[in-house]
Amino acid sequence: MRVLFMGTPHFAISSLEALLKTGYRIVTAVTQPDRPRGRSLKPVPPPLKDFALRHGIPVFQPETLRSDKVQREISLLKPDIVVVVAYGKIIPSWLIELPRYGCVNVHASLLPKYRGAAPIQRAILDGCTMTGITTMLMDQGLDTGDILLQSAIPISPDDTLGSLEDKLSKLGADLLLSTLEGLSKGAITPIKQDHKDATYAPKIEKDETRIDWSLPADGIRNLIRALNPSPGAFTFYKGKRLKIWWAELMPNAKFQISIRELGMIIDVDANKGFIVACGRGQLLMVEVQPEGKRKMTAAEFCRGYGVKAGEKIERRIT
């Protein structure tokens, strides 16, 4: 089976690697163009490009899939199937209709739940305890195609975006192999999604990454988990940005909080970190990163920055 693989981030690599190990012929890896990154704005290749080139797979990086030239070049590859794993752009109808087995998408949710760009982050943000992978036949809608196979896994209370991505990436690779085998044997019957049960997972916007201390402690902790390792949830300490990489719920909050104290440091533990008052409950900050500095334990931060109870950490000095 001639496979055209389309993907961009690390999440896609496990699926491509699984196809290679199983002997599928990857005719080309289509991925996003190199993008400028960092202070130097030097173009950086997407993770899938590096992996593909290391394994001798031709790489194609079109700016758009909607040009006649790109359509001609991809059509000449004559793929039997197109596999799409977090490619990052809408797939046009000519490409969906090109391969005889169609375009198969590996989506990181149990569709029709969490359609869209950020299903893993949104599931953690919402405090879900289960998620999974769906393989589906792509159509022109946003993750609305017929379901081929699904596999579910639990979300641990300590899962972050990074750890859950790793688990789902491996699960997606296994489910993709089962899907391609089933399709080649005619052993899978596509199932239409129940659209009335659909929910959506739009990408995370910048203003969502700032912590609102008036929210309940468990919701704030979910935000911190959902944005770790990127882009990170943040607040302010003495006018400087402070990223919070890990926090723990205080199970038996020992302080009574008034609304004026939301976002206030209500206790400092030299060995553990500092406790902040939230809309309902309190959070112990465990790992933080001051602006322009390395990640450190919150205990180190307290010692180095002279953190004291009674300070408000969300106040920004302009």
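Leu77 is found in the loop between helix 3 (68-75) and strand 6, where helices (H or I, at least four residues) and strands (E, at least two) are DSSP runs numbered from the N terminus. The model is predicted, so local features need pLDDT of at least 70 and side-chain atom pairs count only at pLDDT 80 or more, while totals for chains, interfaces and linings use all residues. Residues are numbered from 1 along each chain as its sequence is written, and side-chain values use heavy atoms, with hydrogens and water left out.

Although Leu77 and Val27 are 50 residues apart in sequence, their C-alpha atoms are 6.8 Å apart in space. When neighbours within four places in sequence are left aside, Leu77 is in contact with Arg2, Leu4, Val27 and Thr28, contact meaning heavy atoms within 4.5 Å.

The protein chain as a whole holds 8 helices and 15 strands, and its C-alpha atoms fill a box of roughly 65 × 45 × 30 Å, taken along the principal axes. Among contacts between residues at least 6 apart in sequence, 65% join residues at least 24 apart. Of the 318 residues, 47% count as buried, a term for residues under 20% relative accessible area, with exposed meaning over 50% and partly exposed in between (1.4 Å probe, protein chains only).

Helix 1 can now be followed in more detail. In this helix Ile13, Ser15, Leu16, Ala18 and Leu19 are buried, and the buried residues of helix 1 pack against strand 1 (2-7), strand 2 (25-30), helix 2, strand 6 (81-85) and helix 6 (161-184). Just after helix 1, Gly23 takes a positive phi of about 95°.

Two packed helices are described by the angle between their axes and the distance between the axes. Here the axes are lines fitted to C-alpha atoms, for helices over the stretch in contact, and angles run from 0 to 180 degrees between N-to-C directions. Helix 1 (residues 13-22) and helix 2 (residues 47-54) pack at an angle of about 20°, with their axes 10 Å apart. That makes helix 1 roughly parallel to helix 2, since angles under 35 degrees count as roughly parallel, over 145 as roughly antiparallel, 65 to 115 as roughly perpendicular and the rest as oblique. In this pair, Ile13, Leu16, Glu17 and Leu20 of helix 1 meet Pro47, Leu48, Phe51 and Ala52 of helix 2. By class, their contact has 7 nonpolar, no polar and 1 charged residues, where Ala, Val, Leu, Ile, Met, Phe, Trp, Tyr, Cys and Pro count as nonpolar, Asp, Glu, Lys and Arg as charged, and the others, Gly among them, as polar.

The axes of helix 1 and helix 6 come within 8 Å and cross at roughly 45°, and the two helices are therefore oblique to each other. On the side of helix 1 the contact is made by Ser14, Ser15, Ala18, Leu19 and Thr22, and on the side of helix 6 by Ser169, Lys170, Gly172, Ala173, Leu176, Leu177 and Leu180. The residues of this contact divide into 6 nonpolar, 5 polar and 1 charged.

A search of the whole structure finds 0 disulfides, a disulfide being a pair of cysteine sulfur atoms within 2.5 Å. The sulfur of Cys278 is 15 Å from the closest cysteine sulfur, in Cys302, which is too far for a bond. Cys278 counts as buried because its relative accessibility is 2%, whereas Cys128, at 22%, counts as partly exposed.
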